Amino acid sequence: MTVGLEHFLILSAILFSIGLYGALAKRNAVVILMSIEIMLNAVNIAMVAFSRYGHLITGQVFAIFIMVVAAAEAAVGLAIIIAIYRSRETVDVEKFDLMKW
Amino acid sequence: MDFPYLSIIVFLPVIGAILIALLPQADPRRIKFTAAFFTLAVFALSLSLFFMFDTGLEGAQFVERASWIPAIDAQYFLGVDGLSLPMLVLATFLGFIAVLVSWKIDLRVREYFAWLLVLETGVLGVFCSLDLLLFFLFWEVEILPMFLLISIWGTGRKEYSAMKFVIFTLAGSAMMLAGILLLYFHGGTFDMMELAGMGLEGAISTLLATAIFFLLFIGYAVKLPVFPFHTWLPDAHTDAPTAVSVILAGILLKMGGYGMIRVCVSIFPGVSQDYAVLLVALALVNIIYGAAVTFRQRDLKRLIAYSSISHMGYVLLGIFALSQVSMTGAILQMFSHGLITGLLFALVGLVYDKTHVRDIPQLGGLARRMPIIAVVFSVAGLAALGLPGTSGFAAEFLVFLGSFKSTLVDGIQTYTILGMVGIVLTAGYILWLLQRVFYGPIKAQYDKVTDANRLEQFTIISMVAVIMLIGIYPAVLTDIIKVGVSPIIASLGL
Amino acid sequence: MEIAFWILAVISVASALAVVFLRNIFRAALFLVLCFFTIAGIYVVLHADFLAAAQVLIYVGAIAVLIIFAIMLTRETPRGSPSGRFRLIAFLVGATFLVAMILVVTGTDWQVITEAPTEPTTSPLAQALFSREEGFVLPFEIAAALLLAAVIGAIALVREK
Amino acid sequence: MPSGVPLAIFLLPFFSFIVISFIIRPFLNSKPQLSGYITTASIGTSLILSLWVLAEVSSAPGHVLSMPDYEWLAIGDTVIRFGVTVDALAAIMLIVVTSVSLLVQVYSQGYMHGDPGYSRYFAFMSLFTAFMLGLVLADNLVSLYVFWEGVGLCSYLLIGFWFHRPAAARAATKAFLVTRIGDFGFLAAILFLYSKTGTFDIGELHHLALAGAIGGTVLTWAAIGIFSGAIGKSAQFPLHTWLPDAMEGPTPVSALIHAATMVAAGIYLVARMFPVFASSLTAVTTVAAIGGFTAIFAATMALVMNDIKRVLAYSTISQLGYMMLGLGVVGIGVANDAIPLEVGLGLGVAVGIFHLFNHAFFKSLLFLGAGSVNHATGTFDIREMGGLRKVMPWTYITFLIGSLSIVGIWPLAGFWSKEGILDHAWDHQTALFFLAMITVFMTAFYMFRVVFLTFAGEYRGSNAGHSGASAHAPSLRESPLVMVAPMGILAILAVISGWLPVSSFLGGESESFFGALAHPIAWVSMVLAALGILLAYALYSAKWLSSESLRRRFAPLHTLFSRKYWIDELYERVIVVRVLVDGIFVLLNWFDTRIVDGIVNGIAGGTIVAGKGIRRLQTGQLQAYGIAIFVGVLAIVACFLIFG
């Protein structure tokens, strides 16, 4: 069986699901951020795969934009984590309930 | 009509409101005079329309029409006919009276009068609009000033009452909006005149027509109010400042009755006929139940509020008896009730102002100390119970006469006679009220209270004059009203 | 090529699992780096040479370093990376999602072109980004602005008050 | 005669009201006597004009003058026109109203002298007279109803004239309410008739009724509805309770409104609509039965009252019952074809209205006499009077004449009209005739009980400082001329009014002066009356019998009568208070606040409770939100997989 689009997409799905699990299940905010990066990368794989098998360069363009957003998100996200850590002495998301009511 | 009378009438109050908002807060006299000037100007203008109105013509006059939102064919379409002109005059008159009644306001004067004028614009807009969307817009405009006026300048549980008023009205409005949109989607226009003339009923299924009819009806029924949507009214009245009670009873309730005739019956004559028995029965509930509950009220304002519910039952009866005379009577009743109940609320305001008591058992013998208020209160009360020579009689008589003779509703004669029980009950609570509040030996704590001052005398006596005028020669109004009613009756296929 | 794919796929999945399941947060970060590397390899397999390079530069170079900094700054290492109370539900959600995605992927009739595209992709990519007619110049500029805003925002957030 | 004359009769007193209330009261309050003068002058002029009208009518063919009318309201094919009707009935009523009113106004200037509400009193009196005249002149049911309510209003205002007295305020309210119950039927009948015939015009209705153009059931119901208005206004059983209480008003008011004119409006109404009534046997039987029953029923209560005005009030009710009986029995004759239609219509009106005519004079005389007595003694309680014959000779004589007249002694006024009623009752309704005969005896007894207790014997009043209705401190002396003179004139009228050809003018029969004595019924009734007077004499003047022991022997009956059959209690305490205000209305109020408003507040409360519950889902935990998002995504995907 030759490797085709489906393989890449399934790989992407597996990585995405792992990232999803991490983002939902972990308590450490930094780990959650890391999981989100995995998810973003998984999406990128799908994008690039589509680009490869559809001969459309746009997929890669999107991947670039995703990277940009990921970078920005990582920067701001980590900055927020550090800011919260400063005020609360913890990065345990279960102890954050600022969004409550 | 070249001169845009109606636009000026509708928007002059709002201009006044803006002007007042720009005046310094520190000068309440100037604010009050500005408000009085603007409302008087509007009243004078509407009165001039009243005299210029051609009673030989059916349909709208003084029409102004401009495209408003072309994409959905919504228009800026103003005009008055025999239905709306009396309401317009009533609204402008009571608007002026409301300013006079508010002369003693000293809390945040500027905002108060500004909102009062905005309220007037909303109400006037409702009566002048011939485009459903515009109508709806004005209908909603009135809610915000009412909310603020009750919740800031009111008494007692004012926030609760203001909120109740808003929620009730908005719930009704939501239904009405749904109805209006359905009308638009099936009729293809927001133009009331066109919708009334196109025979929409025949074009859509009965179920749909009925559904639209009741969506609209509930919107108006909340406003009128019709049992069981009435409970906001006593609360709002009880806690509202006097002038707002005057406007609320005098004009806002009439928007409901006006809407029923203008929209429900005009556009759906067939459905109106099919459900007339039900609606007439509802009217009877309003009349008798409202009167019965009135007997149990101890608070002066609450009592009059409940009596309004009873009196609005006559309007409902007149409308859905579906005869020319009864419908004319219903509109006359709206006009008359606006004056009478407006006057009663103004008087209760005066009594409260002087005695700081509204609890009836605590009052007594006030006629000794405030003869003028007592006399005017008696006249207003007698007008409310339909004594000949007052507008109340002319209106109720026409409603009963028209209903009795109506041929479109089964068993209407029995219903009418049941409805007439209301006049006995009304006499009961009104006379009981007069007896408890004004007659008998005066209580010691009221030895120092004073009678109405000059301004107050002018206000209440001018209202009495109009009540008597309409009562003695109702043709002043009925000649105009019947012009508005006859096309609707024609559409009923008589 | 297929062998490369399988190797890379296995490693990336394994390292991703390690990121999520390892209790040692620092090691998890290192496995994340490994994961990023393998994904760069996947890009190579997909004939996306420019992206592969960018992946290494941005993720491995920049983001991974940021994350490690964050780990050190927050000094949470001793507590490790515990799982929260939602882990079971999260697992179910993740698994279901995976199943759903696989169903979608396998259930779809993909219209694919099998022959490899031309390399290098740098020039077509640049054209796609900057061409006058159908380019992404405006989004590109907005992305630049976004990055700037993110940088300033990050600085503002972590600045000592 | 210019057509403006009838209008002027009505408008003169009305302008008097306008002038008093808008010029004298606000600006000339220091000269209240002006109000009295203006009222008297305007009503005097009306009287002269009424005499003119009478002269014109009597010379007109058929005793009817046609008058123009004016459109009041026109909506579609419903047109309401107001006009005046001038015929024999109206002319007679005009004379009654203006003459009694004039005399009462003159009297009032003495009686009300010094009252702070002097101007208000005359304003109301003018207004009342105007409305009453309007009522008489009305040519259609709508304007008749308008004035009908108008006189009711004036009655309300004048009963409550001393509004600071709780009893007066209560009586006023009661009077208005009770009559309004009757008016409800009247209004319904007007609408009912209109819906069947399309006209409000009384003349046209007569034609239609006589021509048989209106169905029998319709006529019956319409007549009964109209009659219910008359029951209310004329205080017939079962709506009689307001009239005795109405005595709380000033005495001249009782004389004018609650004896001579307004309460007689019910009789006038039935007379005016007589062709409608006479076309339905059920209707006329009802009228006769209610009238006959009320006559004896009210008389029994008059037997035991101690308040002189209340005795007179019950007597008025009783006499009004007679009038109804008269109308009813002739109507029965007509409906049974015992009397030819063309004769019967005039005869019925004549029988009823002739008694009304006479009653107006002698009853207002009696009331004015009571007022005069009160002016002197400061009380209305006959137990505290006595011996006034010596101090108030004029009052005594006039009162005696009035009493003899009401009792029906030949040749005084009351005799003539009462004989007419009794004759026709004997002819057409024997059972009611016997009731009426017993009433004759009772009438004689209670009237002379009052006469003997008030004027004979020794003065029993103890406290001279007792403050009464009059502003004067009571002092035992004859009333001033301004009061005595009207009483004198009324006394003359109470003698001679029966000799006037009123009955034949109205279309009835008239008897020769001595010919009446040939009737056995006349003798029987006079013997009964004499027996009544004798019994009263025996009990209260000569004291041959002890009234005390008599009362003890008939204790249950006495209690029944003096407690007015507990009808007031039944109406006020049981029906109005227990059943309605404290019963059904409480229930409805509870329903309104608990159920209707409760549902509203319940919905609001439910929303708040639900919000509080649902708020718990907002844990603030990011991951929970994330899970929710993805569960949502999965749901969407699932939808696509399953349905798409």
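Let's start with Pro238(D), which is in the loop between α8 (216-233) and α9 (242-245) of chain D. Helices here are DSSP runs of H or I with at least four residues, strands are runs of E with at least two, and both are numbered from the N terminus. The peptide bond joining Phe237(D) to Pro238(D) is cis, with omega about 5°.

A word on the basis. This is a predicted model: local features need pLDDT of at least 70, side-chain atom pairs count only at pLDDT 80 or more, and totals for chains, interfaces and linings use all residues. Residues are numbered from 1 along each chain as its sequence is written, while chains are lettered from A and ligands numbered from 1 in the order in which they are written.

Chain B has a cis bond too. It runs from Leu224(B) to Pro225(B), and omega is near -10°. Pro225(B) sits in the loop between α10 (206-223) and α11 (232-239) of chain B. For context, most peptide bonds are trans, and most residues other than glycine have a negative phi.

Now to positive phi. Lys564(D) has phi near 55°. Next, Tyr565(D) has phi near 60°. Neither is glycine. Where is Lys564(D)? In the loop between α24 (555-562) and α25 (567-615) of chain D. Tyr565(D) is in the loop between α24 and α25 as well.

Buried or exposed? We count other C-beta atoms, placed from the backbone, within 10 Å of a residue's own: 20 or more is buried, 12 or fewer is exposed, and in between is partly exposed. Lys564(D) is buried because it has 20 such neighbours. Tyr565(D) has 15, so it counts as partly exposed.

On to chain B as a whole. It holds 20 helices and 2 strands. Its radius of gyration is 21 Å, close to the 23 Å from the globule rule for 494 residues, so chain B is as compact as a globular protein of that length. That radius is taken over C-alpha atoms, and the rule is 2.2 Å times the number of residues to the power 0.38. Along the principal axes, the C-alpha atoms fill a box of roughly 70 × 55 × 40 Å. Of the 494 residues, 63% are buried.

Then contacts: two residues touch if their C-beta atoms, placed from the backbone, lie within 7 Å. In chain B, among contacts between residues at least 6 apart in sequence, 81% join residues at least 24 apart.
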